[in-house]
Each structure stands twice: as C-alpha cells, then as structure tokens.
Amino acid sequence: MKIFRYGAKGSEKAGVILNEKKYDVSEGNFQYNRDFFADIANLEKLQAYIIEKGDTLKEIADDERIGTPLEAPSKILCVGLNFDDHVKETKLQQASEPIVFMKSVSAFNGPFDGITLPKFSVKSDWETEFAIVIGKKASYVTEEEALDHVFGYVLHNDVTEREFQIERGGTWDKGKGCDTFAPIGPFIATKDEITDIDNLKIWLKLNGEIMQDGNTSDFIYRVPKLISYLSHFMSLLPGDIISTGSPAGSGMGKSPQRFLKDGDVIEYGIDGLGSAKQVISAYQAL
C-alpha cells in the first residue's frame with residue numbers, strides 16, 4: 001500500500017494511492033502518526049476500510065497540495081558516506097563504522113513545498129536518498145530481526161549546506177538540519193510494495209540536467225545492518241525515519257563544484273517511491 005497526506009500545511013488529511021489514483025481516507029479517522037505505525041492492526045484496519053468503502057472513496061484532485069506523508073517523527077537519522085562513489089567524489093574520510101548524524105525535525109518538509117537557502121548560504125547541495133520508516137519499536141535488534149521493525153520506505157532529499165557541514169567545525173548537523181532541508185515523500189510505500197530494496201534506481205536532475213544516477217545495489221551498509229546498528233545506540237520509535245545515504249552526483253563532487261541558487265529547480269526520485277520537485281528560494285527575513 002502507498003499512503004500519503006494532502007491539504008493545507010498543518011491540517012493535512014490521510015490518503016491512499018490505489019491504481020495510481022489518490023483517494024481520501026480521513027473519514028475513517030486515520031492519522032499517519034506514531035500510534036498508527038506502532039501497530040500493524042492499524043494498517044489492517046485501513047485495508048478493511050478501503051474494501052468497505054469500495055467505489056465510494058473520494059478521489060483527490062491533482063491540484064491538491066501533497067504534504068509530508070507522516071506527522072513529524074521523533075527523529076530523522078541519517079547515514080553518511082554509504083556509497084563508495086560518493087566517498088570518492090567528496091574526498092571525505094570514510095570511517096570503520098557507519099557515520100551517523102541527525103536532521104532537525106524543523107527541517108521536515110513536504111515533497112513539493114520548496115527549499116529555502118539558509119541566510120549566508122554559499123554551498124547548499126542535494127542528496128537523493130532511500131529512507132526507512134520504522135514501525136515496531138526497535139532496541140538492540142539483530143540484523144535478522146531488523147526488517148520486522150520496518151513499516152515502509154520513503155523518498156528523502158538530504159539537502160546539505162556544505163560550508164556549514166565541513167568548514168565550520170564540530171559535527172555535520174549544522175549543515176544538515178536547516179529549515180526545509182528534509183523534504184520527505186510524496187508517499188510511504190509499505191515494505192511489501194518493494195520486492196528488492198537492494199536494486200532501486202536513484203536519480204536527480206538540476207534544472208533538467210541529470211546530476212545523480214545511482215542504485216541502492218551499491219550500498220556499503222545495507223538496510224538490516226543500519227537498523228540493527230542504530231538500535232544499539234538509541235531506541236528507534238514508530239514513525240522514525242532513517243535515511244541511508246546518497247550516491248555520487250552531489251554538487252560538491254562536480255568539477256567545477258555546483259551549488260543551489262535562487263530559482264533553481266531540482267527533481268528527483270527512486271524506483272517504487274515516486275518523485276518530488278523543489279524550487280529553490282533565497283532566504284528572506286520575515
């Protein structure tokens with residue numbers, strides 16, 4: 001199943017995608033939040049509701065705003081340098097264990113809502129990524145158990161200000177958690193929707209020109225490993241997002257380097273997870 005939310009920001013309603021068409025299910029009182037993801041019975045109830053309503057489900061117009069496909073998670077965890085080709089292009093130092101950082105929840109953003117460059121930004125960059133949505137709470141799980149704790153998968157763009165990340169000292173989080181820098185969606189695909197998570201095309205275009213053209217087959221650390229690893233440092237809660245890293249093609253890896261500027265348009269996607277589009281805007285004081 002593919003689930004999403006639509007409507008005005010802050011008052012989104014629940015929807016499902018059936019045969020490539022979008023339908024409202026909000027009258028069934030479904031909310032895609034931590035409680036929903038925590039119990040598989042909620043997904044079963046949603047499936048039963050869809051069957052019960054049948055042809056009477058309300059179709060959603062194409063011009064409706066598509067919001068984040070879930071309410072804000074407790075945390076957005078990200079893995080850095082999880083593709084060899086990206087390690088080489090960035091010239092950053094790989095570590096003996098997965099590199100982990102967090103994006104602030106205030107970076108959480110809809111798939112078509114636009115990206116705002118931070119004040120004083122000079123090196124804002126793109127990174128299309130395959131992300132995991134946690135279902136059942138995970139704490140100290142094995143790799144063999146890991147996928148039992150997954151609800152589904154979602155498209156994420158790990159937008160990054162490289163000067164803040166690399167040249168300003170301290171951790172990477174400063175360049176990763178800027179407002180609007182975690183666009184998520186357009187929908188969550190339940191894990192049964194994707195038969196092989198290790199063979200999915202990842203792409204991104206900047207102003208129509210292809211920048212990223214990778215595949216999850218090139219992961220250094222695969223999904224079960226990442227879930228197990230992270231669960232040994234913190235509990236992974238229902239609705240939490242884990243982003244698994246980006247292939248080569250980022251702006252900092254280009255020669256000469258290319259970074260986002262006011263008016264740019266990025267379009268990006270992953271097999272089975274749809275595509276998103278963001279217009280880039282310069283910072284403006286309110």
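Q: In β16, which residue is the bridge partner of Leu206?
A: Strands count as paired if DSSP finds at least two bridges between them. Strands are DSSP runs of E with at least two residues, helices are runs of H or I with at least four, and both are numbered from the N terminus. Here Leu206 has Ile266 in β16 as its bridge partner. This is a predicted model, in which local features need pLDDT of at least 70 and side-chain atom pairs count only at pLDDT 80 or more, while totals for chains, interfaces and linings use all residues. Residues are numbered from 1 along each chain as its sequence is written, and side-chain values use heavy atoms, with hydrogens and water left out.

Q: In what sense do β13 and β16 pair, and over how many bridges?
A: Strand β13 (residues 201-206) and strand β16 (residues 265-270) are antiparallel, with five bridges between them. β16 is also joined to β17, by six bridges, and these two strands run antiparallel as well. Ile266 faces Gln278 of β17. In the hairpin of β16 and β17, three residues lie between the strands, and Gly272 has a positive phi near 85°.

Q: In what order do the strands of this open sheet stand?
A: The five strands follow the order β7-β17-β16-β13-β14, with mixed pairing. The edges are β7 (115-116) and β14 (209-215); each has a single partner strand, so one side of each lacks a neighbour in the sheet. Strand β7 is joined to β17 (residues 274-281) by two bridges, and this pair runs parallel. Across that pair, Ile115 stands opposite Ile280.

Q: How many salt bridges does a search of the whole structure find?
A: A salt bridge is a side-chain nitrogen of Lys or Arg within 4 Å of a carboxyl oxygen of Asp or Glu. The search gives 16 of them. One is between Lys22 and Asp62, whose closest N and O atoms are 3.6 Å apart. The two partners are 40 residues apart: Lys22 is in strand β3 (residues 21-24), and Asp62 is in the loop between α2 (40-53) and β4 (76-80).

Q: Is Asp62 buried or exposed?
A: Buried means under 20% relative accessible area, exposed over 50%, and partly exposed in between (1.4 Å probe, protein chains only). Asp62 is exposed, at 71%.

Q: Which parts does the pair of Lys176 and Glu127 tie together?
A: Their side chains form a salt bridge of 3.0 Å, N to O. Lys176 belongs to helix α6 (residues 173-176) and Glu127 to the loop between β8 (124-125) and β9 (128-134), so the pair ties together parts 49 residues apart in sequence. Lys176 is buried at 2%, and Glu127 is buried at 3%. Elsewhere, Asp264 forms a salt bridge with Lys261, at 3.1 Å between the closest N and O atoms. Asp264 is buried, with a relative accessibility of 3%.

Q: How far apart in space are Ile132 and Lys191?
A: They are 9.3 Å apart, C-alpha to C-alpha, and 59 residues apart in sequence. Ile132 is in strand β9 and is buried, at 0% relative accessible area.
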